[in-house]
Amino acid sequence: MLKNIIIFKENLYKWTFTILAFSSLLFLSGIVIILFKEGLPIFRKVKIFEFLFGKFWYPTYQPPEFGILPLILGSFLVSIGAMLICVPLGIGSALYLNEIASKKQKAILKPLIEILASIPSVVYGFFGMVVLAPFLQNLLNIPIGLCAFTASLTLGIMATPTVCSIAEDALSYVPNSFREASFALGANRWQTLVKVVIPAAGSGISTAIILGISRAIGETMTVLMVAGGSAIIPKSFFDPVRPMTAAIAAEMGETSIGSDHFYALFAIALILFLITFIFNIIAEIVSRKYRLKLGLAG
Amino acid sequence: MKKDFTQKIGFSLISLSILITLLFLFIIIYFIFIRGIKIISLEFLTQSPRNAMTEGGVAPAILGTFYLTLGAIIFALPLGLACAIYINEYSPKSYILNIIRLSINNLAGVPSVVFGLFGLAVFVKYFKFGVSILSGSLTLGILVLPVIISSSQEALLAIPQSLREASLALGATKWQTIKNIVLPYALPGILTGVILSIGRVAGETAPILFTAAAFYIKGYPKSIFSEVMALPYHIYALMTEGTHPYKQKEIAYGCCLILLCLVLLVSTIAIVIRQKQKKQYYG
């Protein structure tokens, strides 16, 4: 009798967990389904090729034009600019933490950088808008402070702690025996770093870079506030741009549900989703191979 | 000699990069702190906005952020934890499971504005919850669900298999093992993940843009179906809407400082818990 109750209870818990687990999976797969369901209808009106490579984004004109090339270029311009800042700074900081810092320094700096990574993006956006943009406008004598350059700078500062944390993880996986072997052969610390540690951590560092790009492309509030918002193909780094995320965030409030513009914004979200998903998968594969190489599989 | 010189230059560059990183971040915090502290007072923290957002406080926005965060965690924690327990303890190990795990990890990297659109399509439009606390909480909950699943899973994975086997060998059932052995040991790890998600949810703006947030509502929200003011959205709205940009900027500084303190406090707590736990394990 008691045994039956125990078995019943065990099964009850097992099924509760199974049901809860599958409902959360359902929610998560729901995102993909919804994006396709709401994102695909626009392609009945606009050909995929025209949508992706059309040079004009005039969703509210009569007749409207749905070409997202200016938005895609805006996203990539800002992201590449951000990478130029956060890759050297992030990886440099990671190298410092792992190779130069004393134990005491590392115990303070590592958590500090991690805490800084949690600053909300709207705070960065606000800072870019009220401090950085006017400052750069005066300094560089450019017509508009809110432009791709300012957005890149803000986004780059924002992504640096993330890149640093991931790269630092990769560096800390490199076994100490690698370093000792190099020292034993007469190399100094710099030679060991460049010739042994960085190549050994190479794919881990690439993971950090890929995830950094993915984060920069998907970041919304910072670019919405700082990039300037003009949906025209940029000619220089100092032109205002409207990245894909900013277009969604800025325009979704003004569309009526079910209009072409509404579906077009969902299609942009779908493309954004696919881009970041592919980047993340690549990062995952690269880092898995890397762990195998160092014998850390699991 | 030459190789020592190269080392000197190389190490200086590396040191310079971390200095620049920290400098940038301190400048941001410094500006927000110096300008924000001027506006913060008891009134600012406890009153509603007055005079077209130029005076008074931001209490409804603080409260709104609290509601949204609480709602999101209430929704995501049980689901995420159960999912992690199921994957780690109950489900048979298989190839498909690996794919599921990979997808969950990757969903954590999907742009937050995409989650916002999902919330708009499903909760606001399909379930007809409207622009409300409920829609916003659910959207934010789904946003952190992958984060909670993967951090809980990591915590569960870190527990040695021998502990489970010892418990089972003593005659405990699977659930008794999970409840008495696995969860207590995994608790600090799970807690760290949850606290970090709280920080993330509190600061997110894009997912609530079209699912929950309003620039101004009269009084406080009355039910989970009302629109709500929230700190991060309030900062954005103060900078882009309204008619008194100069005065609104000052208030936005104050909001930024509150949000910053909130998020930094929360993530510091999480990191301290983790540090302590590491010490426990590695001596």
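Analyst: In this predicted model, 49% of the 298 residues of chain A count as buried. Here a residue counts as buried if 20 or more other C-beta atoms lie within 10 Å of its own. The C-alpha atoms of chain A fill a box of roughly 80 × 70 × 35 Å along the principal axes.

Chain A is built from eleven helices and two strands. Read from the N terminus, its elements follow the order α-α-β-β-α-α-α-α-α-α-α-α-α. Among the contacts in chain A with a separation of 6 or more, 72% join residues 24 or more positions apart.

One pair of helices shows such packing inside the chain. Helix 3 (residues 69-100) and helix 6 (residues 148-173) of chain A have axes that come within 6 Å and cross at roughly 35 degrees. The crossing of helix 3 of chain A with helix 6 of chain A is right-handed. Sorted by class, the residues of this helix contact are 22 nonpolar, eight polar and one charged.

Now to the part you asked about. Chain A brings 66 residues to the contact between the chains, and chain B brings 71 residues. On the chain B side, each of these helices supplies at least two residues: helix 1 (2-39), helix 3 (59-90), helix 4 (95-107), helix 5 (112-126), helix 6 (133-157), helix 8 (174-203), helix 9 (231-240) and helix 10 (245-282). Helix 1 of chain B gives the largest share of that side, 18 residues. By class, the side of chain B that touches chain A has 48 nonpolar, 18 polar and five charged residues.

The nonpolar core is the next thing to follow. The largest nonpolar core has 185 residues, and those with the most contacts inside it are Ile268(A), Ala269(A) and Cys256(B). Helix 3 of chain B gives the most to this core, 17 residues. In chain A, domain 1 (2-39) and domain 2 (50-293) each provide at least three residues of the core.

How values were computed:
Residues are numbered from 1 along each chain as its sequence is written. Chains are lettered from A and ligands numbered from 1 in the order in which they are written. This is a predicted model: local features need pLDDT of at least 70, side-chain atom pairs count only at pLDDT 80 or more; totals for chains, interfaces and linings use all residues. Two residues are in contact if their C-beta atoms, placed from the backbone, lie within 7 Å. Helices (H or I, at least four residues) and strands (E, at least two) are DSSP runs, numbered from the N terminus. Ala, Val, Leu, Ile, Met, Phe, Trp, Tyr, Cys and Pro count as nonpolar, Asp, Glu, Lys and Arg as charged, and the others, Gly among them, as polar. A residue is buried if 20 or more other C-beta atoms lie within 10 Å of its own, exposed if 12 or fewer, and partly exposed in between; C-beta atoms are placed from the backbone. Axes are lines fitted to C-alpha atoms, for helices over the stretch in contact, and angles run from 0 to 180 degrees between N-to-C directions. A crossing is left-handed if the near helix is turned anticlockwise from the far one by less than a right angle, and right-handed if clockwise. A nonpolar core is a set of buried Ala, Val, Leu, Ile, Met, Phe, Trp, Tyr and Cys residues joined through C-beta atoms within 7 Å. Domain bounds come from an automatic or database domain assignment.
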